Amino acid sequence: MRFFVPEWDDNVDAHYDFEHDEHSELGTEERELQYIWDIFDYETTPIDGVLISREQVEESATKFDQLTSYGVYDEQSGLDIPDWLPTISDCGAWGYKSLPFPPYDNDEMLAFYEELDVTVGVTIDHLVLGSGHDSRLYLDKRAFADSSLTPNDLPEELTDEVDVMVDEWPAEWPSYVKEYDSTVYDVSSIEPFDPEDFDGDPTKVIERFQDDPRAIYREDDMEFRYELTLDNAEEMKQLYDENGYSFRLMVAIQGWDPMSYTRAAKQVLDLGYQYVGIGGVAGSNAARIRDIVTGVGNAVKEHERNRKTRVDTHVFGFAKTDAFDAIGKTGMSSFDSASMLRSAWTGGDNYHLGSERRYDALRVRFGSNRDPLEKQIQTALRGQELLHSLRAFDEGSSISEAIREWHADATRALDELAPYLKEHRHDDEYDRRLLRDVEEHFRDHYDHGRELRASFSRTLRKRIIKLLRDDDPESPIGFDEYQELIETVREEFEEFPRMAETIEQREEFSGNVATFDQIWLLVEDYAPWIGDERLLDEYKRLLREEPWRECDCRICEEHGIEVAIFRANNRNRRRGFHNTKRFYDQFREALPKTLVTTPASESLTSWSTVEGYLLTEREDFWSDVHDLPVAEIGAISADGVHEWWSESPTSVSLDATEMTASIRDFCTRYQNLFLYDPDEIVDQEVIEAIEAKGCVVESHRDSSELRAAVLDRLGYESEFLPEFMIQKGLMEF
């Protein structure tokens, strides 16, 4: 079972300055960016693969060009995904769900996958959107651009009768659209909507739009999307088989209930697909997902057993820890989700130790650009006072001393600013057109350039930068403009340090430093001031329990309490990576990473696929394991693991030394290896090397005993089969 994470530019600055909340480089392109696979090593990376959607890739022309030019595994692609992480790419159906047709054609998508050099490409699907209406009216948003109407002005009589979907249609539809609706294909210009277009009852409005290139009406849109998805599956399979692509093809299916999904699964299995992706369930509750995957799982198991083959199944957008058991027992092979990553900065409960232990990260806010400068300075000062105190609390050192040390640094940054500006404001380096060049020099040349921004706000430093850029020695700006900014800061800074003396008294009274009572004094003061009083109870729980100390992930070990602070991308995304790690730990506990394999022989090279070899020359083994849930299945040699679906290698060696290295390293990410080795071909030193990496090896000479052992390890019954849903009145599969 494999877990994939969607790629949505989730990266962080590798050398971010947490103390000053400053990027390592001002320009994004100059920073060393780290993705989740860069932060963790091979053994601990909390994902098994990456999902890359075309819709996301196309949001940036630069990203699109890099990925299609170099492929996702190349350093120059920007992603530089390690070659051991498999990748899935799909069209990103959620991104065009409001369009009447997918904006891609089948040939084009297959070429796109080949250019990306991904492991798996997915057929084009169209989300089957559930609603209160079977009928749907699509309107081209471009027709509202020069109209007196807006989408909100559409009459209620119409929107109550049919679902109205408004989105910007492509300037050019793929050629297949002509087969379905020639009126919208190859349209050179779009006329704006007129209020009269929507006059009358809904039936007349729909009739009026019948041949209008700005609108498409469908009486049964759910069925259309369903059938279009299946039509694409059939055509893409034919194109794929004819052209010898390097990636594996997954078929995406859609539906609106377990019966429709199961019907779709049976249809695509008959086309010869061996990887089925269940789409359209993102955001669904665990009960609905359980029903759908059970239906599809039954169809898959029936197909596997009737044809003595194996089929992998992927669930798109799944992330329910309470449904792990369901997707395991229904035979799913992989799933993807970004919800635990996104949860780090959306809503509460954003620091996870487990599904039952979740906390609100403590919000330390930046000032808003809409606030007056004085408010922004005050927000920065209070934030820095709290941040330095939180670090001292985490380190077990004096909070009062931390506050005073910060205040001394901030004082120097302010006191030395005027002398610096008088001496250097006309330096050649400040005679630059781009503000970023001026800011970069100031930040690095002025000894306290970073502290100035951290303690007195980003806006203050930006204003100084603008003055420096505009300060021409031939026509100098009056120094009073600089001085006015400095005096504004002094006025706000006068009351600081605000809390040091009170906390010092508490430290002396208790004889302890860095206690909850001491840090709570600051948090209880800060949260209401910033507008987060409602979160005080959650903050109290966070600071009393200190969950980051219990986490052994390298993010929490390196950054400590910073991971439990809600404050911009470089903390929030790291917390998202941490959440993903905790989710992955639960996943591995519920569904242990399991490999079922047998040593290959030289005859493997004479077969086109590993499956063909196993089916014919390891028939007893294949018969007993081909339908096992959760486990990954293949053959092993000195070159590593050859997965059941892959092409056969050109040569096979069973050299013990080489096998020790390759299989040992591969199994580092697995908890169990079940080995079918009746002739005891695999050397004992190979087994010992694997077990030294924490992977338990069970070697069997009888394949039926191996099957029973795998199911027993998973806690499944010996006659494994997804549970039928007849009792729910859904259908008979």
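Predicted model: local features only at pLDDT ≥ 70, side-chain atom pairs only at ≥ 80, totals over all residues.

Mentor: Leaving aside residues up to four places away in sequence, Ile278 touches Ile253, Tyr261, Ile292, Val293, Val296, Thr313, His314, Val315, Phe316 and Met332. A separate second core has 15 residues, among them Ile663, Tyr670, Val682 and Val686.

Trainee: What makes Ile278 stand out in the largest nonpolar core?
Mentor: That core has 190 residues, and Ile278 is one of those that touch the most other members, along with Phe335, Phe442, Phe456, Leu543 and Val596.

Trainee: Why is Gln267 called partly exposed?
Mentor: Buried requires under 20% relative accessible area and exposed requires over 50%. Gln267 has 37% relative accessibility, so Gln267 counts as partly exposed. Gln267 lies in helix H9, and its C-alpha is 8.1 Å from that of Leu230, 37 residues away along the chain.

Trainee: How do you know that the span of H9 is close to the expected one?
Mentor: H9 covers residues 258–270, 13 residues in total, and reaches 18 Å from first C-alpha to last.

Trainee: Which residues of H9 are buried, and what covers them?
Mentor: Pro258, Ser260, Tyr261, Thr262, Ala264, Ala265, Val268 and Leu269 are buried. Their cover includes helix H8 (221–243), strand E10 (248–253), strand E11 (275–278) and helix H10 (286–307).

Technical notes
Residues numbered from 1 in each chain as written. Heavy atoms only, no water. Core = buried A, V, L, I, M, F, W, Y, C linked by side-chain atoms within 4.5 Å. Buried < 20%, exposed > 50% of the residue type's maximum accessible area, 1.4 Å probe, protein only. Contact = heavy atoms within 4.5 Å. Helix = DSSP H or I, 4+ residues; strand = E, 2+ residues; numbered from the N terminus. Expected span 1.5 Å × (residues − 1).
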